[in-house]
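Thanks for coming, everyone. I'll take you through one structure, from its cavities to its charged pairs. Have a look at it first.

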Amino acid sequence: MKEKLQRLRKNRWLILMTMPGMLFLLLFSYMPMFGIFIAFKDYRYADGIWGSKWVGFKNFEFLFATEDVWRVTGNTFMLNALFIICGLIMSVFLALLMYEVKNKFLGALFQSSYFLPYLLSWVLVGYFVYAMLTTDGFVNQMLQHFGIESVSWFTSPAYWPLILVLVSIWKGAGYTSIIYLASMLGINTEYYEAARIDGATKIKQIFHITLPQIAPVITIMLLLQIGRIFYADFGLFYNVTRDSGMLYPTTDVIDTYVFRMLRKVGDFGMASAAGFYQAIVGFVLVFVSNTIVRKIDKDNALF
């Protein structure tokens with residue numbers, strides 16, 4: 001007991017520094033978990049959460065009664081899987097490019113330019129995309145310049161998986177590349193010196209030194225992203241697509257579907273049931289993925 005008190009006194013400033021983050025988690029992550037009861041109730045404002053009538057799994061039955069839920073589930077999984085795979089490749093690629101820039105001024109300039117899109121709101125990005133893809137926008141003008149017929153982008157759902165992937169990468173890849181760059185900067189430079197002496201090219205150094213060294217960070221990032229594979233970025237899917245009904249076949253995801261149903265029907269129980277469904281699937285995916293990683297390499301597992 002005495003040793004624990006001494007350890008607390010010794011680390012009191014570090015513990016104090018963690019308090020804002022712990023308070024944020026408590027208020028916005030743990031306390032809202034009590035709202036999960038709404039998924040099993042016929043929620044009414046007048047009765048409150050505890051006073052509302054228990055309905056068991058009826059909210060889930062309503063959620064899965066229509067064919068739409070399977071469509072939006074498939075869209076959510078497919079698009080997020082594309083975001084994860086393509087975002088990982090581009091983030092690591094950008095980090096490798098920045099790692100090779102030895103000039104401090106140019107390095108800072110590139111890092112800032114890569115990071116800048118992440119700071120823009122999805123509302124603003126949505127207007128950029130609309131300006132690019134509107135009937136007389138930049139993209140259609142370029143197509144006409146090369147003799148290709150212009151496309152009505154906001155009524156053509158087939159193109160939007162690619163468009164959303166490109167927009168997602170443009171906005172978010174720079175942010176995650178900073179994480180991978182920080183990992184690369186921690187690699188012992190003696191590995192590269194020995195590789196150069198042995199005549200290894202830059203490509204060989206990347207595949208035999210850099211990527212294996214940052215593999216634990218890549219694994220952790222992937223596991224965290226897999227846990228949220230059923231949580232779509234609402235700002236991306238709502239603002240960039242402008243909530244166009246013509247694009248629902250390929251762009252409607254769980255979050256936008258629930259928002260639309262909540263806005264039209266006002267059923268909080270169904271919305272809460274959808275959130276519970278997302279959380280459970282995310283937990284199972286993280287657990288299964290982590291189990292697979294543990295079988296391959298215990299050191300790279302998240303837990």
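Let me start with a definition. Here, Ala, Val, Leu, Ile, Met, Phe, Trp, Tyr, Cys and Pro count as nonpolar. Asp, Glu, Lys and Arg count as charged, and the others as polar. Keep in mind that this is a predicted model.

Now the cavities. How many cavities of 30 Å³ or more are there? The count comes to two.

Take the second largest cavity. Its volume is about 30 Å³. Its lining is made of Leu63, Val69, Val72, Ile254, Tyr257, Val258, Ala274 and Tyr277. Three helices, α5 (68-100), α14 (254-265) and α15 (268-296), each give two or more residues to that lining. The largest share comes from α14, with three residues. And by class? Eight residues are nonpolar, with no polar and no charged ones.

Next, the largest cavity. Its volume is about 40 Å³. Around it sit Phe237, Tyr238, Thr241, Asp243, Tyr248, Thr251, Asp252 and Thr256. Here α12 (234-240) and α13 (248-251) are the elements that give two or more residues.

The structure holds four salt bridges. Which residue does aspartate 252 pair with, at 3.5 Å between the closest N and O atoms? The partner is arginine 71. Aspartate 252 is in the loop between α13 and α14, while arginine 71 is in helix α5, 181 residues apart. Buried or exposed? Aspartate 252 is buried, at 1% relative accessibility. Arginine 71 is partly exposed, at 28%.

Another bridge joins lysine 202 and glutamate 100, with the closest N and O atoms 3.1 Å apart. Lysine 202 lies in helix α11 (residues 202-226) and glutamate 100 in helix α5, so this pair ties together parts 102 residues apart in sequence. Lysine 202 is partly exposed, at 44%. Glutamate 100 is partly exposed too, at 34%. Back to Asp252 for a moment: shared partners join Arg71, Asp252 and Arg260 into one network.

One more bridge: aspartate 42 with arginine 44, at 2.8 Å between the closest N and O atoms.

Last stop, helix α10 (residues 189-197). Asparagine 188 caps its N-terminal end. A side-chain oxygen of asparagine 188 lies 3.0 Å from the backbone nitrogen of glutamate 190. Just after α10, glycine 199 takes a positive phi of about 85 degrees.

That's my tour.

Technical notes. Residues numbered from 1 in each chain as written. Predicted model: local features only at pLDDT ≥ 70, side-chain atom pairs only at ≥ 80, totals over all residues. Heavy atoms only, no water. 1 Å grid on protein atoms, 1.4 Å probe; cavity = no way out; pocket = protein on both sides within 12 Å on 5 of 7 lines; lining within 4 Å. Points joined across faces, edges and corners; volume = space filled by probe spheres on them. Helix = DSSP H or I, 4+ residues; strand = E, 2+ residues; numbered from the N terminus. Polar contact = N/O pair within 3.5 Å; in protein donor to acceptor, adjacent residues only side chain to side chain. Salt bridge = Lys/Arg side-chain N within 4 Å of Asp/Glu carboxyl O. Buried < 20%, exposed > 50% of the residue type's maximum accessible area, 1.4 Å probe, protein only.
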